[in-house]
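Thank you all for coming. I would like to walk through one structure this morning, beginning with the sheet and then turning to the side chains.

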Amino acid sequence: VHDALSDVIRLEHSVDGGDWVDSAPADGIFDSPRERIDLTVTATPGEEHSVLLRGTDQAGNLGAVRILLRP
């Protein structure tokens, strides 16, 4: 996750439209404009799943992306 102008302060994910879950950065703290996130989601094998990622920067701007997992 990266932002051109300010620190990333939050990343959340949702699987198949479920509840939003906070995701922690790999180094344990959001403290820079570029953060690595190691994310593992539970998904039923052989089925299609939609993973939504939503990031927030220090200025309160949101960015989102959808990742489609297909069997």
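This is a predicted model: local features need pLDDT of at least 70, side-chain atom pairs count only at pLDDT 80 or more; totals for chains, interfaces and linings use all residues.

Let me start with histidine 13, which stands opposite valine 21 in strand S2. Strands here are DSSP runs of E with at least two residues, helices are runs of H or I with at least four, and both are numbered from the N terminus. Residues are numbered from 1 along each chain as its sequence is written, and side-chain values use heavy atoms, with hydrogens and water left out.

Strand S2 covers residues 21–22, and two bridges join this strand to S1 in the antiparallel sense; two strands are said to pair if DSSP finds at least two bridges between them. S1 and S2 together make a hairpin with five residues between them, and in the turn aspartate 16 has a positive phi of about 55°.

Turning to S3, residues 49–57, we find this strand paired with S1, residues 8–15, over seven bridges, again antiparallel. Within that pairing, leucine 11 has glycine 55 as its bridge partner in S3.

In what order do the four strands form the open sheet? The order is S2-S1-S3-S4, with antiparallel pairing, and the edge strands are S2 and S4, each of which pairs on one side only.

Now to the charged side chains. The structure holds five salt bridges, a salt bridge being a side-chain nitrogen of Lys or Arg within 4 Å of a carboxyl oxygen of Asp or Glu. One of them links aspartate 22 to arginine 10, with the closest N and O atoms 2.8 Å apart. Because aspartate 22 lies in strand S2 and arginine 10 in strand S1, the pair ties together parts that are 12 residues apart in sequence.

Another salt bridge is the one between arginine 54 and glutamate 12, at 3.0 Å from N to O. Here arginine 54 belongs to S3 and glutamate 12 to S1, so this pair ties together parts that are 42 residues apart in sequence.

Is glutamate 12 buried or exposed? With 8% relative accessibility, glutamate 12 counts as buried, where buried means under 20% relative accessible area, exposed means over 50%, and partly exposed lies in between, using a 1.4 Å probe and protein chains only. Salt bridges that share partners join Arg10, Glu12, Asp22 and Arg54 into one network. Arginine 54 is partly exposed at 24%, and arginine 10 is likewise partly exposed, at 37%.

Arginine 54 has a further contact, since its charged end sits over the ring of tryptophan 20, 3.8 Å from the ring centre; the rule asks for NZ of Lys or CZ of Arg within 6 Å of the ring centre and within 35 degrees of the ring normal.

Elsewhere, arginine 36 forms a salt bridge with aspartate 38, the closest N and O atoms being 2.8 Å apart, and both of these residues are exposed.

Finally, let me mention strand S4, residues 62–69, where leucine 69 is found. Leucine 69 counts as partly exposed, at 33% relative accessibility.
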